[in-house]
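Trainee: Could we go through some of the labels used for this model together?
Mentor: Happy to, let's look at it first.
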Amino acid sequence: MKKLLLSTTLCLSALAASAFEYSDITNLYVIGEAVSSGWSQADAPEMTSNGSGVFTWTGTLKTGQVKFIIGRDTWDSLVSADYDNYGIVLDTPMNLAKGDEAGDNKWYNNEAGVYVLTVDLNAKTLTVSADASAFVPTAFSISGSALTCTPSEQGPSIFKYMGSVAAGTFTVKATDAEGKAQWLKAGDNNAYTYVAESAATAYTTEAIAKAQLFIDAASQTLTLNAYEAPAGVWIVGSDTEWSFVEMTQSTDDPDVYEWTGAIGTSKGTEIKFMTINNFDNDGVYGIHPYFNGENLLEANYFCQGGNDNKWAVPEDANYKLKVNHYLQTVSASKVSGVATVEANDATAPVEYYNLQGIRVAQPQAGQLVIRRQGTNVAKIIF
């Protein structure tokens, strides 16, 4: 019996040593919110191997988490950071965690740019260096008969224009921090490359009364679409116990959805929004922050679809939430005097409260009150 136990111990030790030596790793892929392909295993870029345990990849990283996986059909890494959200230090070899002891620790990139990533399995290090030859735009300008504007920066490497577009053409100029200019040349599937002005693409568009134009400098894509209003917007998360709470469309602006009620940390801290009241296609209908765990009270811009990030509810309180679906903005503020909202029920009795949160049995005509029915809460004039 002692011999069997000894044999098992030796086998386990050998496996641990093998994992630590990375002897079975022949492929590495870069994945995470900092990569243009996000957490998609199928689209994760593959690193180049020199055949002797050294892997390299050159590409654009946004701010956010990044890690490595050893196959497109597995989340196994074995090439992890010493601790989670390890801040990348440029030009400095950073130690890899020891194989199976690594857990799911990720690195965190603090500044968007084009980088060279080198994983050395022999030295057990990750080194990240800026690609000095890369063109990294910090601003874009659009000019032409269809549109002349300067898109505003919305998120990490994301620039947007929301407004009308005339029928015609436009070209896009990109400028880096040093004032160097390049122009966009269209490729396949909304992709573009940077070229000299003489080779720039003259994008052609029809007239769009309510357009959304996005330039993603990290993935080098440009999209221009006519805005499509959603059927509605719902709140969902651990705080709602993953049930869908419908927001109320504003009477002042049909693109704005609002909700006021009690949420907090007692049931969980995660919250996001959906433009459909199920999880059938979160990658299309989900409304997320650019970074997972962003403080709800600091919410600003959102991204539609993409990574399944959530806002973090900082404390138990009554909140007023507002989503402008067209402008792709989210805001949250704490309010007082609003009763806790119960489960959604279209047949629930209607209740009225004054602005101090005191229930009003029979509001007077012209009185400003808060109307509640199930999870639907709105401020109205009776």
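Mentor: What follows takes a few residues and sets their values against the definitions.
Mentor: This is a predicted model, where local features need pLDDT of at least 70, side-chain atom pairs count only at pLDDT 80 or more, and totals for chains, interfaces and linings use all residues. Residues are numbered from 1 along each chain as its sequence is written, and side-chain values use heavy atoms, with hydrogens and water left out.
Trainee: Why is K124 called buried?
Mentor: The relative accessible area of K124 is 15%. Buried means under 20%, exposed over 50% and partly exposed in between, with a 1.4 Å probe and protein chains only, so K124 counts as buried.
Trainee: Where is K124 found?
Mentor: K124 lies in the loop between β8 (113-120) and β9 (125-130). Strands are DSSP runs of E, at least two residues, numbered from the N terminus.
Trainee: What is the phi of K124 near?
Mentor: Phi is near 60° there, a positive value in a residue other than glycine. Most residues other than glycine have a negative phi. W242 also has a phi near 60°, and its place is the loop between β19 (234-237) and β20 (245-246).
Trainee: Why does W242 count as partly exposed?
Mentor: Its relative accessibility is 35%, so W242 falls in the partly exposed class.
Trainee: What does S143 touch, not counting residues up to four places away in sequence?
Mentor: S143 touches T148, F170 and T171, where contact means heavy atoms within 4.5 Å. S143 sits in strand β10 (residues 137-143), and S143 and F170 are 27 residues apart in sequence but 5.4 Å apart in space, C-alpha to C-alpha.

Methods:
Helices (H or I, at least four residues) and strands (E, at least two) are DSSP runs, numbered from the N terminus.
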